[in-house]
Amino acid sequence: MKKKRSMAAARKIEGYCFLLPAFIYLLVVIGYPLVYNVILSFKDTNVKNFKAGTSVFIGLDNYITLFQDPTFLLVLRNTFVFTIGSLVFQFTIGFLFAMFFSKKFTISGPVRGLLLVSYMMPMSVTALLARNMFGTTEGVINDLLVNIGLISAPIEWLTSTSTAMIAVVAANCWVGIPFNMLLLTSGLTGINQAVYESASIDGANGWQRFRYITLPLMKPAILSVLMLGFIYTFKAFDLMYIMTSGGPLNSTDVLGTYAYNLSFTQYEFSLGSAAAMVLFLCLFVVGLLYLKLIAREDD
Amino acid sequence: MSKFWKKIVSVGVAFTMAGTLLMGCGGSSDDSSDADSTDADSSESTASSSDAKEVTLWHYFENEADDLEEIVEEYNQMQSDIHITVTYVARDELMNQYTIGAVSGELPDIGMVDSPDMASYVSLGVFEDITSQLEEWGELDKFYTGTLSSCKDSKGNLYGLPNNSNCLALLCNMDLLNAAGYEDVPETWEEFEEIAAATTNAGDNVYGFSMSLIGNEEGTFQYIPWLYAAGGSVADLSSDKSVKSLDFLSNLIAQGYLSKESVNWTQADAYNAFIAGKAAMLESGTWQIASLDDDIADAGTDINYKYCFLPKDETYASVIGGENFGVCTGSEATDECVDFLTWFHSAEKNGEFATRSGKLVVREDAEEYNELIEDERFAVFSDAMEYAVARGPHESWPTISEAIYTAVQGAAIGEKTAADAMAEGAAVVDPILEETPLPEQ
Amino acid sequence: MMKTGYFKSKESRKNIIYCIIALLIAICFLFPLYWLISMSFKTDVESFGKIVTYYPHKFTIDPWLKNLQDKDFLVSLKNSFIIAALSMVISLLLGVPAAYGMGRYKVPGSKGFLLTFLVTQMLPASLMLTPMYLIFNRVNLLGTYFAPPIAIAAGSIPFIVVTLRPYFKTIPTALDDAARIDGCNVLTAFLKIMLPAIKTGIITVLVISFLNGWNDLVYSMTFNVQAEMRPLTANIYKFQTKYGTKWNAIMAYGCILVLPVVLIFVFLQKYIVGGLTAGAVKE
């Protein structure tokens, strides 16, 4: 009995040893910034009182200010629209690509490799490329659409509040699809082909095989892809900052760009931190949801 | 099991060693040891032996970087109190460094900043109050008030010196104007609109006018002349005259004389449109003169051009731009840095720098040293300075600017009327100005 | 393999159809990439011209030369590589064991750990700049090659943990026992058996953590002001100046930035293909 207990304890310590270095590292590197921003969000620091150091704790006032500001609410809405819109397309298409390119045909490997290029490009270049392509009069996308006959007049992608977000989501998907494809591919290959074979023998068709074998077995991979995708997309910054500067009229402004603007352009440090904390809280809730979902499959 | 613990201990020791290593080795490399790479021909600074203090200067000059470095090197050679090392930092990054530096205290000794931004940084404590040293110098009264005011705080203390100035004027493609039947450049808003209408050719994708209405300080910069030309002002955005100025511009867009894409164009993009022959008139800045001929040659569009004032409504108007240099707080060589600044901004040196870098001077007695005055293109800008207004100075100028360009964009893309847009802008700006008013122009 | 009767076989017909579909997908999806490349060979005028041209009418390698002949090019290349390699190494050294610990051990509080890992991802980078700067200043890491990778790795590590954890979970315990029987201790078992078992996953996170470092701009620029420590990504400022947005040079710069990574990836593609055909777990 004693040996078993100490073995279990030893195993626990082993586990911790593998875990702790990363954990401590992150606590140190990110912990301080997190606490810094939390504290700042409860004060009223801005350019006027910064030098004198006379900023005081004002509790939740910053948050109240933000939520009473229609621009902030628009930004919040934009962030969700952008994230969910991007995820839906990225994930679906990424999954389809992952499944398609898992089939073994001659050029599947190289083509899949090529598709990853859009993910590898630095976001600054992608944003500029997208800005160039979505131009109203000189943009190649309008040119193509008009020539193919899908539209009769050029769409004012980036100068109209109704279409700017669509352009930004499209650009983001171009980058995100390979990412999803890559991670989902790795998950797909983990499924033993034998399972499919025995299912076929039992008379399952393609759709049934997908629904009852692929999806369940892919659940961990799917959950991680969605969770990570949500976090990265939700706090996106570079793309809209460079492509549209959050415009026109805040139609592509998201929490990331809004917080940056508040802190670094308006010098409203506390408001900026508060906006970042709102972003954080939203993600925290989603994180809790993720934990709940994987808990079920862990047991 | 003991083998296992040995492994754990060794891993732990490795981490600790790595940690200490990281802590220790970072200290030596800082700005001063990089003198050789940034300064073209400066000798390696041996900090131990020479008494010259190491001074860092951060700037975001692009084309003018070489001119700056040469002048700094000249100063380095002629005295041994300080040795200045010049580092280029991209503009956005430099502004971030100032903001972070306000918190961390890590700032260069001398920093360059865009004139409307300086007031905020002064408020944040980035720049040092050098009023007494500058007043001792005694040449402050020679500076143009508009440019000098951008270096002051609300109480009138000085934190630096303006280095150069620029303003906006109208650049006309005379070939296109002549082809449309106009021999002369426009003087009034009516003439301007007429010419814009006549030179617009939708089929050829040619617009009558090109300007930048982008959603950042550049957009505000380009809009201000129109605001003041109509008799409006930043302090009274909701007045009829202010609204009229915005109405005028959004009407140009609605009629197709000005591209709606201008809300996403930088001034450089608007300039490119003109160079490519896609616009008959351009709201152009002084800094664009230097490369104008080369760019036209590269483009092969062979444009005959002419500069004139931006058209007037109630009055002629333009806007002051330019960069300032300030001494940052926490410098260990403040007085020596001030000495450098006063040397750099003496009448002769200011004129010399302006000539070499293609800019306007900031003090009236430097005019005679600026050979560019003989160039009639620069003369237009120099004369336009008489009507040019300064932006701010105000510590919350970025917020005011944001309200302005948001209003402009709203009307420009046609989603708000000019009156509504300006009313919203005024709602943001008026309370700010009530608390801390703008200084008199 | 081409044999007589190739076109009659159902398998090969399927193959051809798949290839065609793949090519169509590639053409549509990669069009922006084509655009990027073609713009990089256009003259200034053409890229801002009155009509949209689908291939350079006036072919020029000027934009490429502007990039490659830039005196700082090789230095920036070296810097990018150092920062990317360092952040990859740090991320892997810390992240992979952590994923292993979470995946194969029943550690109490693992939920809390996982949540903490995720939480560290939830702040936008821009607002971490100031406090991180303060930390690095305190430990004198500013202006060294270490500051950006440390910040970047903090972003890659949770990604590695979340991604690899399911992989480690699916390794059958049979391997554990086999390792024990062979006399491996914990560390050897980890290195010699577990890691190779999830080769695909390791390579995936390796590539992505390298990319995170390679494509970084904000951390490298904020913590290192000196010109000679700047990575390639900083060059974008050279072409987006007050004097114009040089589209063609930017596009050339984009191609150059992607090229080394594509090359590295092409090399590793072999391992990935090998890993895929063998399956995630060696029987």
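Buried means under 20% relative accessible area, exposed over 50%, and partly exposed in between, with a 1.4 Å probe and protein chains only. This is a predicted model, in which local features need pLDDT of at least 70 and side-chain atom pairs count only at pLDDT 80 or more, while totals for chains, interfaces and linings use all residues. Residues are numbered from 1 along each chain as its sequence is written, and side-chain values use heavy atoms, without hydrogens and water.

Start with the salt bridges (a side-chain nitrogen of Lys or Arg within 4 Å of a carboxyl oxygen of Asp or Glu). Over all chains, the structure holds 18 of them. One pairs Arg356(B) with Asp67(B), their closest N and O atoms 3.7 Å apart. Arg356(B) sits in helix α15 and Asp67(B) in helix α3, so the pair ties together parts 289 residues apart in sequence. Helices here are DSSP runs (H or I, at least four residues), numbered from the N terminus. Asp67(B) is buried at 15% relative accessibility; Arg356(B) is partly exposed at 32%. Both belong to a salt-bridge network that also includes Glu70(B), Glu74(B), Lys349(B) and Glu352(B).

Two further pairs link helices. Asp117(B) meets Arg91(B) at 3.2 Å, N to O. Here helix α5 is tied to helix α4, across 26 residues of sequence. Asp117(B) is buried at 11%, while Arg91(B) is partly exposed at 31%.

Arg377(B) meets Asp293(B) at 3.5 Å, N to O. This pair joins helix α16 to helix α13, 84 residues apart in sequence. Arg377(B) is buried at 17%, whereas Asp293(B) is partly exposed at 42%.

Notes
Chains are lettered from A and ligands numbered from 1 in the order in which they are written. Helices (H or I, at least four residues) and strands (E, at least two) are DSSP runs, numbered from the N terminus.
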